[in-house]
Amino acid sequence: MKFLDEYRDYDAVQQMAQAIRRSTTRPWTLMEVCGGQTHTIVKTGLQEMLPKGITLVHGPGCPVCVTPVEMIDRAVAIARRPEVVLCSFGDMLRVPGSTQSLFDAKALGGDVRIVYSPLDALQLARSNRQREVVFFAVGFETTAPANAMAVWEAEREKIPNFSMLVSHVLVPPAMEAILSSPNCRVQAFLAAGHVCMVMGFEEYFPISQKYHVPIVVTGFEPLDLLEGVQMAVAQLESGRAEVENQYARAVRRSGNRPAQERIAEVFEVTRRTWRGIGEIPLSGLRLREAYRRFDAESRFAVEIGHVEESSECIAGLVLQGLRKPFECPAFGTRCTPDTPLGAPMVSSEGACAAYFHFGRRKEDGDSIVSTATAGH
Amino acid sequence: MCLAVPGKIVSIVQEENLGLRRGKVDFGGIRKDVCLDYTPEARMGDYVLVHVGFALTVVDEQEAQRVFEALRQLDQLEELKEGAT
Amino acid sequence: MAILSCPLPQPATDRILLAHGGGGRLTNQLIESVFLPAFSNAVLESRHDGAVISADGTRLAMTTDTYVVHPLVFPGGTIGDLAVNGTVNDLAMCGARPLALSAGFVLEEGLSMGTLRTVVASMHEAARVANVPIVTGDTKVVDKGKGDGLFLNTTGIGVVVAPKPVSPESVRPGDAVLVSGDLGAHGIAILSVRNGLEFEGEVRSDTISLWPAVEALFRAGIEVHCLRDLTRGGLSSALNEIASVARLRITVEEVLIPVSNVVRGACELLGLDPLYAANEGRFVAFVPERQADHALEILRSQSVSVDAVRAGTVYEDARGIVTLRSRVGGNRVLDMLSGEQLPRIC
């Protein structure tokens, strides 16, 4: 596939990895923000191609992982109503709420359906006038244009039986929150390429300056990630702290204007609670007043029980890059993808699930994979 | 976040109703209906990145080559260095 | 800034979840915790696709499968030929020549007669191609709303022609891992109907009887250690099941694993992994290293396995895991599927 395969080319990847090894003289800690990037890194075994001194920590760029428990509980409660068809992206289904996930709600009779796009949910509403179709709108800025369009179309066509449960989160405030934490060890960021494809990367300049950290807008294929690392390391080695764009084939500095306009028309910035991190001001989106009637939160008054928190899951520390999944005492034992204690183990983008699936049971030196392949 | 896949626009349709722009995008042999409203500059034959049914950017083919140029130069540099030692 | 921790979810182990039918970890857990303890016997505990039982000196293989696929008709097949081929293949995987099949239908009130005829016609055709008679059957009808149109159970018996047991226990370090053809066609064909994906050259389910290819291997004197057809959970699940029973490590090379362009495109688009995608006409074979090339030649001479390749090797390692060397050079564990494979957006 064009514009995909070239960035998975063995020789190019090995060459880039070599370039990084040659230019690294000191240990550096980098954070890649997006869950999709974490997925690629762990799936292709990228970490082991990097020199020992380069540590990649995984950020909270998994919207599934950071959706507040209360929001899952709300979705579950809405899904259990007989008149409702709750539509969601696949990865949200297994995330545990206080007591149930959407999958559980489905097992208990709720009409929960996986859709590829919010427009599919809207179409469902058009062809099922007697049901209330609710779309669970979770995601970063990348998905906001799609969700904005669905609501905008619903408004134009005056579709009465469609609504959206909004749990959008924004990346730059989360990066700032991580950087301003006293325990922060992150020295450079690989920013989320597709978020920037929509929003541009203007917002990163003040952050880069204020905290003196290099920020490299990076793509998702192995070659992109390695090049992003290479550019970040080059900055770190020379003491620079600038914003650079590795993913220039997809990202422009000003981003996608029509998309930004549609988002601004339908949504407004609000505060949001990030599961595992806490409340970050001005870090979420909600529907504007003019579109509030499409807000499932106000349309459905649901009873949510007391939101239970457990002390064993350290998702918060993992999401901020302060702990690696295998440093959690429950990792791989009490907490597995089949018996998850928290969202990062459930979501396919979550760091914990990625580490579990792809075999990173211990620090790279003696990971389950290294010992297995040492023999040949 | 987030999975956006590159595909080639093979047809474009301007809808009557709300004036929305839709198209068929080809992803290595499979085709899907995609909303092209956010890429008004996209033309037939362009490659776009598609996320949950929406084209969000037109791929800059020149920029796409840049990294391979850089690698070629790196390669030549290394050969020079090795030649010099 | 407060650091909240994640709530402890109540695992819904008091209810059956869809994931229990996914073919991965939860399915195995269900078998281990509910069925095995209740029905315990040595044959069942070997956990292979079919059971081998002796009757007066003749070794017979027996297998059963229930098909609940939806939609009932899809590009390349129907629930009917899926069932016939699936059962024939399970017998083949025991090294057994299929002898006869039974077919049990659970029909939902309101099912179109035309659909039923289409399904039955495809069963007839598949049975003809596989040279297996459907000798007995049963029909029940349930109220509207109590069954997804049609559920079909097929049970098969066969005569074991393999000279030695064909099972994970027979796998040895050094064995070659052969894959009979490209992955994911069936899973994508089904999803294409559900997701409204269009294909330029339709992706058709790969359902077919694999017995000709298996028979050819035995006829040529290949020492077949293990066979497994790839169904739900894909290549990854099959390899994991075998590795864990055999207590050996299987290592495969991503670049050697065949996936058609169209399947790859569909997987990219939906965020699915072809290594976990469902198949209906593909299998893996474990043969000694010294016979690997010959075995490949035999497979490639058969139409059902014309694109067979060697994908990996077996190694000594009691942990019983599967590892994959990625196309860019890194290594990872190829884990068992957890629950159902869900399309992802991230």
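The following conversation takes up a predicted model and asks how some of its descriptions are reached.

Visitor: What makes chain B more spread out than a compact globule?

Guide: Chain B comes to one helix and five strands, and along the sequence these follow the pattern β-β-β-β-β-α. The radius of gyration of chain B is 19 Å, whereas the globule rule gives 12 Å for 85 residues, and because the value is well over that figure, chain B is described as more spread out than a compact globule. The C-alpha atoms of chain B fill a box of roughly 70 × 25 × 20 Å along the principal axes.

Visitor: How many of the residues of chain B count as buried, and what share of its contacts join residues at least 24 apart?

Guide: Of the 85 residues of chain B, 39% count as buried, a word that asks for 20 or more other C-beta atoms within 10 Å of the residue's own. Among the contacts in chain B between residues at least 6 apart in sequence, 27% join residues at least 24 apart.

Visitor: Why is helix 7 of chain A called oblique to helix 12 of chain A?

Guide: Helix 7 (residues 144-156) of chain A and helix 12 (residues 257-266) of chain A pack at an angle of about 55 degrees, with their axes 9 Å apart. Angles under 35 degrees count as roughly parallel and those from 65 to 115 as roughly perpendicular, and the angle between these two helices therefore makes helix 7 of chain A oblique to helix 12 of chain A. Their crossing is left-handed, and the residues that make the contact include Ala148(A) and Trp152(A) of helix 7 of chain A, together with Ile263(A) and Val266(A) of helix 12 of chain A.

Visitor: How do you know that both faces of strand 14 of chain C are covered?

Guide: On one side of strand 14 (residues 322-325) of chain C lie Val322(C) and Leu324(C), on the other lie Thr323(C) and Arg325(C), and all of these are buried.

Visitor: Which strands pair with strand 14 of chain C, and in what sense does each run?

Guide: Strand 11 (residues 248-253) of chain C runs parallel to strand 14 of chain C and is joined to it by four bridges, with Glu253(C) standing opposite Arg325(C). Strand 15 (residues 331-333) of chain C pairs with strand 14 of chain C in the antiparallel sense over three bridges, and here Thr323(C) stands opposite Val333(C). Strand 14 and strand 15 of chain C form a hairpin with five residues between the strands, in which Gly329(C) takes a positive phi near 110 degrees.

How values were computed:
Residues are numbered from 1 along each chain as its sequence is written. Chains are lettered from A and ligands numbered from 1 in the order in which they are written. This is a predicted model: local features need pLDDT of at least 70, side-chain atom pairs count only at pLDDT 80 or more; totals for chains, interfaces and linings use all residues. The radius of gyration is taken over C-alpha atoms; the globule rule is 2.2 Å times the number of residues to the power 0.38. A residue is buried if 20 or more other C-beta atoms lie within 10 Å of its own, exposed if 12 or fewer, and partly exposed in between; C-beta atoms are placed from the backbone. Two residues are in contact if their C-beta atoms, placed from the backbone, lie within 7 Å. Two strands pair if DSSP finds at least two bridges between them. Axes are lines fitted to C-alpha atoms, for helices over the stretch in contact, and angles run from 0 to 180 degrees between N-to-C directions. Angles under 35 degrees count as roughly parallel, over 145 as roughly antiparallel, 65 to 115 as roughly perpendicular and the rest as oblique. A crossing is left-handed if the near helix is turned anticlockwise from the far one by less than a right angle, and right-handed if clockwise.
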